[in-house]
2 protein chains.
Amino acid sequence: MPKRVDHAERRTEIAEALVRVAGRRGLHAVGMRDVAAEAGVSLRLVQYYFQTKEKLLLFGLEHLAERFGERVSARVQAAGDSPGPRAMVEALLMAALPTDDESRTFHHLYTSYAVLSVNDRALAAQPFIKNPDAAEDALAELLRQAQESALLEPGVDARLEAAGLLAMSAGLGTGILVGQRTPESATAVLEHHLNRIFRTRDA
Amino acid sequence: MPKRVDHAERRTEIAEALVRVAGRRGLHAVGMRDVAAEAGVSLRLVQYYFQTKEKLLLFGLEHLAERFGERVSARVQAAGDSPGPRAMVEALLMAALPTDDESRTFHHLYTSYAVLSVNDRALAAQPFIKNPDAAEDALAELLRQAQESALLEPGVDARLEAAGLLAMSAGLGTGILVGQRTPESATAVLEHHLNRIFRTRDA
DNA sequence: AAGTTCATGGTACGGTCGTATCACAAAATA
DNA sequence: TATTTTGTGATACGACCGTACCATGAACTT
């Protein structure tokens, strides 16, 4: 049976099994045995490709963040041919809201990881600084471009605005996740704020 | 030894032990034995006052939310004699940011509970709808009053603005928690947004 | 062809966790 | 004073969980 196998691919499959089962039952309730069963392999195999649970979790987080980053930038680029910068800004912010199953799982797990990272240096190290800062840079750049095209209201600080919008989107996301808020109302809130940043009817 | 004892008080002491130890090591890592040790009682006693771990967690969340609600409204009222409504709005939003130890622990644990509530109906039921909605009502009311005094920029929707600000504050809070953002930068972001809501120089 | 490496299965071990059980003394009740 | 209730201790049980160990056959190397 043992023909040579692509380790990277295997690890990805297992990591995605982790994400699926954690999305269903919560990250805290996931054990190696669950991941193995979900991936359709034996417990031994999970141990073989990841030696320890911590390494599995770490890889799972990296994989999750990477996949979601791709998803977001795909949507932003898809909105590139629309009316203008505002469409891209909206695409970026809305893609991060937990509206469908994939983004919901992402939000759920990313928040789980964030909570764990408070007490776990290994988890804290990597993606919780790098990843959101990248998003913030991208959004700030979009806003700056809009500003140069005189599409924004005066007095807007692109960097501060980017940070605020991202934080708001994250906060609304958790609101949706815990059932406090509907996706529609979250969208309305974001929309209202964008209306106060972007010039509605121009000069 | 057994003189009659105030159950409510005992339960509160144990719940606060839970909050302390969970604040240090993370909610996921807390067991009944840890809570017992932190409270200085035997495991049996924790079982005696809360029959099950789920009930302990539930009570702990309620207690946490209640205590923090009191803290926030105390700060808001303390700001009541300052310049005007904006001071109260700022007090409300800033009190929710994890700047000191207490608010940091609150943010940490509240987010932990929020994540758990996604897969736990008992946890989801109570405070994740009621509590933030109350804050939103209070903030919306403050904004509406400011609006009637013509202190806000035109075109501001008090309700949407309240929801947005609260979400932003929550999002910034997590940013601080995971070390992505400093309290100062979070304050700056909030301040900038309030400057765009409140009229800076008046009529 | 022989030997080594790789992928995989099965299973056991030590620890911890939530919960249940047994025991007992101090207070309240009668 | 006799009895029931209440608060507390110690400890045991069964279930998991992460990890380690042993085995084994296919594939590659020489």
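Reader: In what order do the elements of chain A run from the N terminus on?

Author: In this predicted model, the elements of chain A run α-α-α-α-α-α-α-α-α-α. The secondary structure comes to ten helices and zero strands, where helices (H or I, at least four residues) and strands (E, at least two) are DSSP runs numbered from the N terminus. The C-alpha atoms of chain A fill a box of roughly 70 × 35 × 30 Å along the principal axes.

Reader: What ground rules apply to the numbers?

Author: Residues are numbered from 1 along each chain as its sequence is written, and chains are lettered from A and ligands numbered from 1 in the order in which they are written. Local features need pLDDT of at least 70, side-chain atom pairs count only at pLDDT 80 or more, totals for chains, interfaces and linings use all residues, and side-chain values use heavy atoms, with hydrogens and water left out.

Reader: What makes helix 4 of chain A oblique to helix 6 of chain A?

Author: The axes of helix 4 (residues 53–78) and helix 6 (residues 101–117) of chain A come within 11 Å and cross at roughly 140°. Angles under 35 degrees count as roughly parallel, over 145 as roughly antiparallel, 65 to 115 as roughly perpendicular and the rest as oblique. Therefore helix 4 of chain A is oblique to helix 6 of chain A.

Reader: Which residues meet there, in helix 4 of chain A and helix 6 of chain A?

Author: Contact means heavy atoms within 4.5 Å. From helix 4 of chain A, Leu57(A), Gly60(A), Leu61(A), Leu64(A), Ala65(A), Phe68(A) and Arg71(A) meet Glu102(A), Ser103(A), Phe106(A), Leu109(A), Tyr110(A) and Tyr113(A) of helix 6 of chain A. By class, this contact has nine nonpolar, two polar and two charged residues; Ala, Val, Leu, Ile, Met, Phe, Trp, Tyr, Cys and Pro count as nonpolar, Asp, Glu, Lys and Arg as charged, and the others, Gly among them, as polar.

Reader: How do you know that a two-fold axis relates the chains?

Author: A rotation of 180° with 0.0 Å of shift along its axis superposes chain B on chain A, with RMSD 0.0 Å. That is the relation of a two-fold axis. Copies are superposed by least squares on the C-alpha atoms of residues with pLDDT of at least 70 in both. In chain B, the C-alpha nearest the axis belongs to Met168(B), 1.9 Å from it.

Reader: Where does UniProt place the feature "DNA-binding region" in chain A?

Author: The unreviewed UniProt entry places that feature at residues 31–50 of chain A. This span is 75% helix and 0% strand, and its end C-alpha atoms lie 13 Å apart.

Notes: Axes fitted to C-alpha atoms, helices over the stretch in contact; angles between N-to-C directions. UniProt positions renumbered as here; feature names shortened; annotations may be inferred.
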